[in-house]
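Keep the model in view while reading.

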Amino acid sequence: MKKFKFQLETLLKVTRMKKEDAEVKFAEVSRRLEEQRARLTQLLEEMQRGQREYEELSGEGKTLTVGRIMTYNSFFNWKRMQIEDQQKLILKTREEKQRALKELMDVMSYLKSIEQLKEKRLQEYKDLMLFEEQKMLDEIGLQLYMRHA
(Lines give C-alpha, C1' and ligand atoms only; values in the text may rest on other atoms or scores of the structure.)
Protein backbone atom coordinates (compact mmCIF):
# COMPACT_ATOMS: atom_id res chain seq x y z
CA MET A 1 0.00 0.00 0.00
CA LYS A 2 1.49 3.32 -1.05
CA LYS A 3 1.88 6.16 1.42
CA PHE A 4 -0.21 9.33 1.17
CA LYS A 5 1.74 12.24 -0.32
CA PHE A 6 0.18 15.69 -0.58
CA GLN A 7 1.53 17.37 -3.71
CA LEU A 8 1.23 20.88 -2.24
CA GLU A 9 3.00 20.09 1.05
CA THR A 10 5.76 22.63 0.31
CA LEU A 11 3.18 25.33 -0.41
CA LEU A 12 1.44 24.44 2.84
CA LYS A 13 4.69 24.81 4.82
CA VAL A 14 5.53 28.13 3.15
CA THR A 15 2.04 29.44 3.83
CA ARG A 16 2.28 28.41 7.49
CA MET A 17 5.56 30.33 7.72
CA LYS A 18 3.92 33.36 6.11
CA LYS A 19 1.11 33.11 8.65
CA GLU A 20 3.60 33.06 11.52
CA ASP A 21 5.41 36.08 10.03
CA ALA A 22 2.10 37.93 9.64
CA GLU A 23 1.19 37.13 13.27
CA VAL A 24 4.55 38.45 14.48
CA LYS A 25 4.17 41.61 12.41
CA PHE A 26 0.63 42.19 13.69
CA ALA A 27 1.76 41.70 17.29
CA GLU A 28 4.68 44.09 16.79
CA VAL A 29 2.46 46.81 15.32
CA SER A 30 -0.09 46.30 18.11
CA ARG A 31 2.62 46.64 20.74
CA ARG A 32 3.96 49.79 19.08
CA LEU A 33 0.46 51.29 18.96
CA GLU A 34 0.00 50.67 22.68
CA GLU A 35 3.36 52.29 23.41
CA GLN A 36 2.39 55.30 21.33
CA ARG A 37 -0.94 55.61 23.13
CA ALA A 38 0.89 55.48 26.46
CA ARG A 39 3.25 58.21 25.22
CA LEU A 40 0.25 60.36 24.23
CA THR A 41 -1.26 59.89 27.69
CA GLN A 42 2.04 60.93 29.22
CA LEU A 43 2.20 64.08 27.04
CA LEU A 44 -1.37 65.02 27.95
CA GLU A 45 -0.58 64.60 31.66
CA GLU A 46 2.52 66.80 31.28
CA MET A 47 0.37 69.46 29.60
CA GLN A 48 -2.20 69.31 32.41
CA ARG A 49 0.52 69.58 35.07
CA GLY A 50 1.94 72.62 33.28
CA GLN A 51 -1.50 74.22 33.09
CA ARG A 52 -2.16 73.60 36.79
CA GLU A 53 1.25 75.00 37.68
CA TYR A 54 0.58 78.09 35.53
CA GLU A 55 -2.85 78.59 37.15
CA GLU A 56 -1.32 78.32 40.63
CA LEU A 57 1.36 80.89 39.79
CA SER A 58 -1.13 83.28 38.20
CA GLY A 59 -3.83 82.80 40.85
CA GLU A 60 -5.52 85.50 42.93
CA GLY A 61 -3.48 88.64 43.13
CA LYS A 62 -0.25 87.03 42.02
CA THR A 63 1.73 88.70 39.28
CA LEU A 64 3.78 86.99 36.66
CA THR A 65 6.71 88.43 34.82
CA VAL A 66 6.65 88.70 31.08
CA GLY A 67 9.57 86.27 30.89
CA ARG A 68 7.70 83.64 32.88
CA ILE A 69 4.54 84.09 30.77
CA MET A 70 6.61 83.68 27.59
CA THR A 71 8.29 80.59 29.03
CA TYR A 72 4.92 78.98 29.79
CA ASN A 73 3.61 80.04 26.37
CA SER A 74 6.58 78.35 24.68
CA PHE A 75 6.13 75.27 26.84
CA PHE A 76 2.42 74.99 25.96
CA ASN A 77 3.11 75.46 22.23
CA TRP A 78 5.85 72.83 22.38
CA LYS A 79 3.56 70.37 24.20
CA ARG A 80 0.75 70.99 21.69
CA MET A 81 3.15 70.22 18.83
CA GLN A 82 4.31 67.04 20.58
CA ILE A 83 0.70 65.98 21.17
CA GLU A 84 -0.27 66.65 17.53
CA ASP A 85 2.77 64.74 16.26
CA GLN A 86 1.96 61.84 18.58
CA GLN A 87 -1.67 61.79 17.39
CA LYS A 88 -0.51 61.70 13.76
CA LEU A 89 1.88 58.87 14.60
CA ILE A 90 -0.95 56.95 16.28
CA LEU A 91 -3.18 57.36 13.21
CA LYS A 92 -0.38 56.16 10.94
CA THR A 93 0.27 53.16 13.19
CA ARG A 94 -3.46 52.34 13.33
CA GLU A 95 -3.51 52.22 9.53
CA GLU A 96 -0.43 50.00 9.60
CA LYS A 97 -2.15 47.74 12.12
CA GLN A 98 -5.20 47.48 9.86
CA ARG A 99 -2.99 46.53 6.91
CA ALA A 100 -1.17 43.93 9.04
CA LEU A 101 -4.51 42.52 10.21
CA LYS A 102 -5.79 42.31 6.62
CA GLU A 103 -2.60 40.58 5.54
CA LEU A 104 -2.90 38.13 8.44
CA MET A 105 -6.53 37.39 7.62
CA ASP A 106 -5.69 36.86 3.93
CA VAL A 107 -2.87 34.46 4.76
CA MET A 108 -5.05 32.60 7.27
CA SER A 109 -7.82 32.26 4.69
CA TYR A 110 -5.37 30.96 2.08
CA LEU A 111 -3.86 28.54 4.59
CA LYS A 112 -7.29 27.27 5.55
CA SER A 113 -8.15 26.60 1.91
CA ILE A 114 -4.90 24.64 1.41
CA GLU A 115 -5.52 22.65 4.60
CA GLN A 116 -9.07 21.87 3.45
CA LEU A 117 -7.70 20.72 0.11
CA LYS A 118 -5.22 18.48 1.93
CA GLU A 119 -8.02 16.98 4.03
CA LYS A 120 -10.07 16.38 0.89
CA ARG A 121 -7.16 14.69 -0.85
CA LEU A 122 -6.44 12.58 2.24
CA GLN A 123 -10.05 11.46 2.35
CA GLU A 124 -9.91 10.60 -1.37
CA TYR A 125 -6.72 8.60 -0.71
CA LYS A 126 -8.35 6.72 2.17
CA ASP A 127 -11.40 5.96 0.04
CA LEU A 128 -9.19 4.68 -2.78
CA MET A 129 -7.15 2.51 -0.40
CA LEU A 130 -10.36 1.12 1.11
CA PHE A 131 -11.69 0.39 -2.38
CA GLU A 132 -8.45 -1.39 -3.40
CA GLU A 133 -8.40 -3.37 -0.15
CA GLN A 134 -12.01 -4.39 -0.66
CA LYS A 135 -11.23 -5.39 -4.24
CA MET A 136 -8.30 -7.53 -3.07
CA LEU A 137 -10.44 -9.17 -0.36
CA ASP A 138 -13.13 -9.90 -2.94
CA GLU A 139 -10.55 -11.56 -5.22
CA ILE A 140 -9.20 -13.67 -2.33
CA GLY A 141 -12.74 -14.63 -1.37
CA LEU A 142 -13.54 -15.56 -4.95
CA GLN A 143 -10.38 -17.69 -5.24
CA LEU A 144 -11.20 -19.48 -1.99
CA TYR A 145 -14.74 -20.10 -3.15
CA MET A 146 -13.55 -21.44 -6.48
CA ARG A 147 -11.10 -23.84 -4.79
CA HIS A 148 -13.75 -25.24 -2.49
CA ALA A 149 -16.49 -25.42 -5.04
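A residue counts as buried under 20% relative accessible area, as exposed over 50%, and as partly exposed in between. The model is predicted.

## Helix α1

Helix α1 covers residues 9-57. Its 49 residues reach 72 Å from first C-alpha to last. That is close to the 72 Å expected at 1.5 Å a residue.

Buried positions in α1 include Leu12, Val29, Ser30, Leu33, Leu40, Leu43 and Met47. Thr15, Gln36, Glu46 and Gly50 are also among them. The cover over the buried residues of α1 includes α2.

## Ser30

Ser30 sits in helix α1. Its relative accessible area is 16%, so Ser30 is buried. A polar atom of the Ser30 side chain lies 2.9 Å from the backbone oxygen of Phe26.

## Aromatic pairs

The structure holds six aromatic pairs. In one of them, the ring centres of Phe75 and Trp78 are 6.3 Å apart. Their planes meet at 55 degrees, so this pair is tilted. Over 60 degrees would count as edge-to-face, under 30 as stacked.

Phe75 and Trp78 both belong to helix α2, residues 66-148. They are three residues apart, about one turn of the helix. Phe75 has a relative accessible area of 25%, so Phe75 is partly exposed. Trp78, at 46%, is partly exposed as well.

Ring pairs also build a cluster. It links Tyr54, Tyr72, Phe75, Phe76 and Trp78.

Definitions and conventions: Residues numbered from 1 in each chain as written. Predicted model: local features only at pLDDT ≥ 70, side-chain atom pairs only at ≥ 80, totals over all residues. Heavy atoms only, no water. Helix = DSSP H or I, 4+ residues; strand = E, 2+ residues; numbered from the N terminus. Buried < 20%, exposed > 50% of the residue type's maximum accessible area, 1.4 Å probe, protein only. Polar contact = N/O pair within 3.5 Å; in protein donor to acceptor, adjacent residues only side chain to side chain. Phe/Tyr/Trp six-rings, centres within 6.5 Å; stacked < 30°, edge-to-face > 60°. Expected span 1.5 Å × (residues − 1). Contact = heavy atoms within 4.5 Å.
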